[in-house]
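Please look over the sequence and the model shown here. A short report follows, with headings to guide a first reading.

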Amino acid sequence: MNSIHLRSIPHLLLAFFLTFAGAQQASAQAPASAADVKKEGVVPGATAAATPATITAPAAGGGDAAAIAAGDALFKGNCTQCHAINEQIVGPALSGITKRRTIAWLIPWIKNSTKVVASGDDYAVAIYNKYNKQQMPSFALSDKEITSIFAYVTAEEGKVAAGPTVANVAAVDGKDSAGAGTEAGGGKYVDVLLIVLVVVLIVLVVTLVIIGNLMKDVLRGRKDLDGRDVEILEQRFDWSKFYRSPMLRGIVGTVFALVLLYEGVQSVMAVGLTQGYQPTQPIAFSHKLHAGTHQINCAYCHTSVYKSKSANIPSANICMNCHGQIKTESPEIKKIYRAIERKQPIQWVRIHNLPDLAYFNHSQHTQVAGLQCQTCHGPIQNMEVVYQYSALTMGWCINCHREMPINAKDNKYYDNLVKLHDTKNAGAPFTVSSNGGTECSKCHY
């Protein structure tokens, strides 16, 4: 009977250790954190999360909905860097502008404000002087495009100013916000519960060990124990035999060799790869603030992204379009002033580097294919400090070319190619690969 009690002690300890291990495993299998999911960004070829949802404004005041939609895109691409509709940023708020000035006056002002100021127009001169003689850039827009911008402005007048994502204004103070808070609070309580459970399990294990030692002390004082009971009571685990065991040494040696082999292969495969590269820049520029919160169009700073092989690094003059008046006392902005005074370029650190043997054209992907910046660069609007999101390997590019369909609609260049493709590959999409996008000479020549 006594031997049964002695044998039950290690079984109880084993049961509690297994329970503890199960709790740890359940915790390890929990879903990835919000930060991890956010960092995943947009997969190649996807554009759903690339830009904030476009608002189709109602045809207010009998306006043309198509013109308002076109004006929405033009306004966000050209005007939001300096203007908002219902609040002042760099320039004045545009709410009510069509009541203060006629369209006939506004069109030449937008095309060339310097010329209007030089003509001596009283209103133009007053605006020029009021805003510290900061000249508005000239825009090569047609009369129709400018009219559509003001159709959009008129439709949006009086609406609540949009936050970081225009389409989610109602969600910020509504159910979505409450739901997010509840989810975050629930996660916090789960963490606390797990910590309490672990502490309780540790206390129980320690308690059982103490009880087991007390029981052994009591049993050692008894005289009626038989030989088997005494043997169990006095048994000790021989650690020397354990770590000298040939089997253990073989297992440890094999695991060590496999780890070395794995690390060696990973090191060789990673030669030339810089995914995740995140250097410190000479000026603390936040894409999250500029592209995310303020929704500044990428092409405003990287002016050649739609018309050139490379997306140029913006000059200090572009920064000064806004920072001639905004945050002029900031230590980081003063670095821009010093660069201009010394007539020296800002030494930005290049992040995305392709080997010289590979040819890549930004305009082919942005202008022709219509890809969003986030397709390759990831959730750039959420990055405080930019890092290389994608692998940018040959395999990564080829996989994208195999999956990316070509928009051949109303493009006669592709008519015969599409017919030939459909004849041989009925039902298969006409992708970049179908047009020779995976041939070596496309990128290497």
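Lysine 111 is partly exposed, because its relative accessible area is 34%. (Buried means under 20% relative accessible area, exposed over 50%, and partly exposed in between, with a 1.4 Å probe and protein chains only.) The side chain of lysine 111 meets that of aspartate 143 in a salt bridge, at 2.6 Å from N to O. (A salt bridge is a side-chain nitrogen of Lys or Arg within 4 Å of a carboxyl oxygen of Asp or Glu.) Aspartate 143 is partly exposed too, with a relative accessible area of 40%.

The pair joins distant parts of the chain. Lysine 111 sits in helix H5 (residues 103-111), aspartate 143 in helix H8, and 32 residues separate them. (Helices are DSSP runs of H or I with at least four residues, strands are runs of E with at least two, and both are numbered from the N terminus.)

## The model and the chain

This is a predicted model: local features need pLDDT of at least 70, side-chain atom pairs count only at pLDDT 80 or more, and totals for chains, interfaces and linings use all residues. Residues are numbered from 1 along each chain as its sequence is written, and side-chain values use heavy atoms, with hydrogens and water left out.

The protein chain has 22 helices and 0 strands. Of its 445 residues, 25% count as buried. Take the contacts between residues at least 6 apart in sequence: 67% of them join residues at least 24 apart. (Contact means heavy atoms within 4.5 Å.)

## Other salt bridges

How many salt bridges does the structure hold? There are 4. Lysine 335 is partly exposed at 29% relative accessibility. Glutamate 332 is partly exposed at 25%.

Lysine 334 forms a salt bridge with glutamate 329. Here the closest N and O atoms are 3.6 Å apart. Lysine 334 counts as partly exposed, at 34% relative accessibility. Glutamate 329 counts as exposed, at 60%.

## Helices H3 and H8

Two packed helices are described by the angle between their axes and the distance between the axes. Helix H3 (residues 65-78) packs on helix H8 (residues 143-156) at about 95°, and their axes are 7 Å apart. (Axes are lines fitted to C-alpha atoms, for helices over the stretch in contact, and angles run from 0 to 180 degrees between N-to-C directions.) That angle makes H3 roughly perpendicular to H8. (Under 35 degrees counts as roughly parallel, over 145 as roughly antiparallel, 65 to 115 as roughly perpendicular, and the rest as oblique.) On the H3 side, the contact includes Ile68, Gly71, Leu74 and Phe75. On the H8 side, Ser148, Ile149, Tyr152 and Val153 are among the contact residues. The contact residues divide into 10 nonpolar, 2 polar and 3 charged. (Ala, Val, Leu, Ile, Met, Phe, Trp, Tyr, Cys and Pro count as nonpolar, Asp, Glu, Lys and Arg as charged, and the others, Gly among them, as polar.)

H3 has 14 residues and reaches 20 Å from its first C-alpha to its last, close to the 20 Å expected at 1.5 Å a residue. (The expected span is 1.5 Å times one less than the number of residues.) H8 has 14 residues and should span 20 Å, which agrees with the 20 Å between its end C-alpha atoms. The buried residues of H3 are Ile68, Gly71, Asp72, Leu74 and Phe75, and their cover includes H8. In H8, the buried residues include Ile146, Phe150, Ala155 and Glu156. Their cover includes H3, helix H4 (97-100) and H5.

## Two single residues

Threonine 366 lies in helix H18 (residues 362-368). Is threonine 366 buried or exposed? Its relative accessible area is 12%, so threonine 366 is buried. Not counting residues up to four places away in sequence, threonine 366 touches Val305, Tyr306 and Leu371.

Cysteine 376 lies in helix H19 (residues 374-377). At 21% relative accessibility, cysteine 376 counts as partly exposed. Leaving aside neighbours within four places in sequence, cysteine 376 is in contact with Tyr389, Ser390 and Trp396. Cysteine 400 is 24 residues from cysteine 376 in sequence and 10.0 Å away in space, C-alpha to C-alpha.
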